[in-house]
Each structure stands twice: as C-alpha cells, then as structure tokens.
Amino acid sequence: MRPERLTSAAWARPPEPPRPGRPRVWLARVEELRDIVAPLADTLLDGGERARAAALRRAADRDGYRVAHVCLRLLLGAHLQVEPSDVTFVRRPCPVCGGPHGRPDVPGVPLCFSLSRTDGLCLLAFADTAVGADIERLPDADTVAALTETLHPREADELAAYPPDLRPAAFARVWTRKEAYLKGLGTGLARDPRLDHLGAGARGPRRMPGWTVEDVTLGEEEAAAAVAVAER
C-alpha cells in the first residue's frame, strides 16, 4: 500500500471517501507542513490539544504534534463538510478494561480514523470500518534487543533468524503491524503484544481473523508503517 502525500491542497476540497473495506492513507512530512499549520494551530486545535502540544519538551515533537492534529482536523472537516475546529473527538470504551481510552472517534458519523507520528513523519488513515495505523523510525540495536521479548514467541524466532544489520527493519515491520492491529481493536498495548502473531517477514503480515493488515510503502524513508482495517 502506498500512502497519499499530504499537502495543503489535500484539504482544499472534500477528499473522496474511503472505498468499502479499503482505507485512505496519508503521509505528512513535518518539515514540509510545519510552517503552514503553525498559524492554524491556535484556531483549530482545542484547549486540550494545545496543552498537550505545549507540554512536549522538544520543538520537533511540538511541531510533529501540531502537524498531525491540525491535518487530522482539516481532513476530517473536509470529509464531514464541517469546520475543522467544530470536530468533536471522543474515546470509545477500552475493550480490555472498559475505561475511556479506547479508539478515538467522532460521534455520529460513519467514518473511522487513526493517527500515528514519529520523528518527522505523520500517518493518517480513514476507513468505513475500524482502522488502526502506526509509523515508526527504525530502532537501534539496543532497542531491538530490549523489546524482542515483548513479541509473540514465533515473531521473536523470526527476528532472531535475521542477520544483526537487518533486524532493526524487521523489528520495525512487526512492531508497526502489531501496533496498527491493536489500535484498530481499540486496546492498544493494554492487550499483551505477545498474544498475536503478525510476523516479521518482508513478504507481508500474517492474516488476522476479521482484519486486513497491510504494510505501508514509505519509499526511501528510514521508517516502517502499517494499517489494519476491520473486515465487514
């Protein structure tokens, strides 16, 4: 799957809605959009979003947060034909504990969305069923070694079969597949990531019952990404 590149033209007119069972996926590069969204942030973001952005210590994180959330509001506003600042977000109940930290949602509309960001990049996915998206920069070797035990045992074995120089890319593949799937479920990491085997192989993720999980092609970016969509 190749994402659409997000530019200011993307929200100038209503985007085409997602096709049944197929997401629309957008990739935003923070460096390209930060100066465009900066003057919009105070107007479009709500008080909670502005506070979360301001609380981030690194300027790069603040820029990334603003780009991601301004773009999300602009695209949702264009899809729903409402003012971006009028979009209201809620959290669905967590399927694990019932707490108010499940999948984000806009109440009363037949459009699901997911947002993920990493250093310099943001990924946004929209679908007519539950959807999860994740994007990650390639980790260093120490991070791979520390987090391998959090994977499904078969995934850990698959990762160990790669030579050391290829493990960061393989780990990023399996981790983004897993995060996208868990975000689509609405559990996030409240569900033990060792339970689900999505695979570390380059040929694509393992099929999950009731879900389509796909890798997102990022070209030459030193990153990996995936999207999971619930089947009808």
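At what angle do helix α5 (residues 153–160) and α6 pack, and how far apart are their axes? The angle is about 160°, and the axes lie 9 Å apart. Welcome to this predicted model, in which local features need pLDDT of at least 70, side-chain atom pairs count only at pLDDT 80 or more, and totals for chains, interfaces and linings use all residues. Residues are numbered from 1 along each chain as its sequence is written, and side-chain values use heavy atoms, with hydrogens and water left out.

**How to read the helix pairs**

- Two packed helices are described by the angle between their axes and the distance between the axes.
- Axes are lines fitted to C-alpha atoms, for helices over the stretch in contact, and angles run from 0 to 180 degrees between N-to-C directions.
- Helices (H or I, at least four residues) and strands (E, at least two) are DSSP runs, numbered from the N terminus.

**Helices α5 and α6**

- Their packing angle of about 160° makes α5 roughly antiparallel to α6; angles under 35 degrees count as roughly parallel, over 145 as roughly antiparallel, 65 to 115 as roughly perpendicular and the rest as oblique.
- α5 and α6 cross in a right-handed way; a crossing is left-handed if the near helix is turned anticlockwise from the far one by less than a right angle, and right-handed if clockwise.
- On the α5 side, Glu-155, Leu-159 and Ala-160 meet Arg-167, Ala-170, Phe-171, Val-174 and Lys-178 of α6, where contact means heavy atoms within 4.5 Å.
- Sorted by class, this contact of α5 with α6 has five nonpolar, no polar and three charged residues; Ala, Val, Leu, Ile, Met, Phe, Trp, Tyr, Cys and Pro count as nonpolar, Asp, Glu, Lys and Arg as charged, and the others, Gly among them, as polar.

**Helix α3 and its partners**

- Helix α1 (residues 30–44) packs against helix α3 (residues 59–80) at an angle of about 70°, with the axes 8 Å apart.
- That angle makes α1 roughly perpendicular to α3, and α1 passes α3 in a left-handed crossing.
- Among the residues that make this contact are Val-30, Leu-33 and Val-37 of α1 and Val-67, Val-70 and Leu-74 of α3.
- The contact of α1 with α3 has ten nonpolar, one polar and four charged residues.
- Helix α2 (residues 47–55) also packs with α3, at an angle of about 160° and with the axes 8 Å apart.
- α2 and α3 are therefore roughly antiparallel to each other, and their crossing is right-handed.
- Here Glu-49, Arg-52, Ala-53 and Ala-54 in α2 meet Arg-62, Tyr-65, Arg-66, His-69 and Arg-73 in α3.
- By class, the contact of α2 with α3 has three nonpolar, one polar and five charged residues.

**Aromatic pairs**

- Rings of Phe, Tyr and Trp (its six-membered ring) pair if their centres lie within 6.5 Å; planes under 30 degrees apart count as stacked, over 60 as edge-to-face and the rest as tilted.
- The count comes to three aromatic pairs.
- One of them joins Phe-171 and Trp-175, with ring centres 5.7 Å apart and planes at 10°, so the pair is stacked.
- Phe-171 and Trp-175 both sit in helix α6 (residues 167–185), four residues apart, about one turn of the helix.
- Phe-171 counts as buried at 4% relative accessibility, and Trp-175 does at 12%; buried means under 20% relative accessible area, exposed over 50%, and partly exposed in between (1.4 Å probe, protein chains only).
- Tyr-181 and Trp-211 form an edge-to-face pair, 5.8 Å centre to centre with 90° between the planes.
- Tyr-181 lies in helix α6 and Trp-211 in strand β8 (residues 211–215), so the pair ties together parts that are 30 residues apart in sequence.
- Both Tyr-181 and Trp-211 are buried.

**Residues to look up**

- Leu-72, in helix α3, is buried with a relative accessible area of 4%.
- Leaving aside neighbours within four places in sequence, Leu-72 is in contact with Phe-89, Phe-113, Leu-115, Leu-124 and Phe-126.
- Leu-72 and Leu-115 are 43 residues apart along the chain, and their C-alpha atoms are separated by 7.7 Å.
- Ala-230, in strand β9 (residues 223–230), is buried with a relative accessible area of 15%.
- Not counting residues up to four places away in sequence, Ala-230 touches Thr-129, Ala-130, Gly-210 and Trp-211.
- Gln-81 has a positive phi of about 55° although it is not a glycine.
- Gln-81 is found in the loop between α3 and β3 (90–91) and counts as exposed at 67% relative accessibility.
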